[in-house]
Amino acid sequence: MVTIMQACDSVRLARIEKLYREAFPAQERKPFQLILDKRAEGDVEIQSIEGESGQFYGLAITILYQDMVLLDYFAIQPEQRGNGIGSQAFALLRGKYAGKRFFLEIERTGVEAENALFRQKRKAFYLRNGMQESFLFVRLFGVEMEVLVDGCSICFEEYKRLYTDTFGETRMGKQIHRL
């Protein structure tokens, strides 16, 4: 059984930050302190994915904006992958945000890339777990991304506004482009 807990204590946050730095390429990571600051402002939720006995399985970081929820980061500990924990945690997240427009970004598939197979596997995981293609493609900090949605729609202007209103036009405005 998997649970999702708000990461409010230093032990959980340290585990999350460590996995965050290991699981995501530098060009896709926001400064962790910025995530903490936005959590304090109520714009971001940092969640720990845990087992019944409190063992740390992974992380989920979401951005909350109006009626939208962006699953900004989702990662499972490498040794826990492939045994259903990710699917269980993802189902809990989808349930938690039911009634909101829930979506996420993944590195674009169908393009030449060193990690093309890994990108395809990631996309297959999300599609298997209920997400759908939106056919919205963006360049975010130089990385080509595609947006997957949970039975909702989102246009580029709403997507960009989520980022610029949350993190500032100065920081984000020139970093988001529609492909």
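Which residue in β7 is the bridge partner of L104? The points below give the answer and its setting in this predicted model.

1. The bridge partner of L104 is L148, in β7. Their two strands, β5 (residues 101-107) and β7 (residues 143-149), run antiparallel and are joined by five bridges. As background, strands of a sheet pair through backbone hydrogen bonds, in either a parallel or an antiparallel way.

2. β5 and β7 belong to an open sheet of eight strands with mixed pairing, in the order β1-β2-β3-β4-β5-β7-β6-β8. The edges are formed by β1 (2-6) and β8 (176-178); each has a single partner strand, so one side of each has no neighbour in the sheet. On average, neighbouring strands of this sheet are turned by 35° against each other, if direction is ignored.

3. Helix α1 (residues 10-23) packs on the sheet, where it touches β1, β2 (44-51), β3 (56-65) and β4 (68-76). The direction of α1 makes about 85° with that of β3. Helix α2 (residues 32-40) also packs on the sheet, in contact with β2, β3 and β4, and its direction makes about 105° with that of β2.

4. In α2, the buried residues are F32, L34, I35, L36 and K38. Their cover includes α1, β2, β3 and β4, along with α5 (156-167) and α6 (169-172). Just after α2 comes G42, which takes a positive phi of about 90°.

5. Helix α4 has 13 residues and reaches 18 Å from its first C-alpha to its last, close to the 18 Å expected at 1.5 Å a residue. R119, K123, F125 and Y126 are the buried residues of α4. They lie on the same side of the helix, because they cover an arc of only 155° around the axis. This buried set packs against β4, α3 (85-96), β5, β6 (132-140) and β7. The face of α4 turned away from the buried side carries L117, K121 and R128, which are exposed. After α4 comes G130, with a positive phi near 100°.

6. Why does K123 count as buried? Its relative accessible area is 11%, and the cut-off for buried is under 20%. K123 lies in α4 (residues 116-128). Leaving aside residues up to four places away in sequence, K123 touches I106, T109, E133, E146 and L148. With one of these, T109, the side chain of K123 makes a polar contact of 3.5 Å. L148, also touched by K123, is the residue from the opening question, the bridge partner of L104.

Conventions. Residues numbered from 1 in each chain as written. Predicted model: local features only at pLDDT ≥ 70, side-chain atom pairs only at ≥ 80, totals over all residues. Heavy atoms only, no water. Pairing = 2+ DSSP bridges. Helix = DSSP H or I, 4+ residues; strand = E, 2+ residues; numbered from the N terminus. Axes fitted to C-alpha atoms, helices over the stretch in contact; angles between N-to-C directions. Contact = heavy atoms within 4.5 Å. Buried < 20%, exposed > 50% of the residue type's maximum accessible area, 1.4 Å probe, protein only. Polar contact = N/O pair within 3.5 Å; in protein donor to acceptor, adjacent residues only side chain to side chain. Expected span 1.5 Å × (residues − 1). Arc of directions from axis to C-beta.
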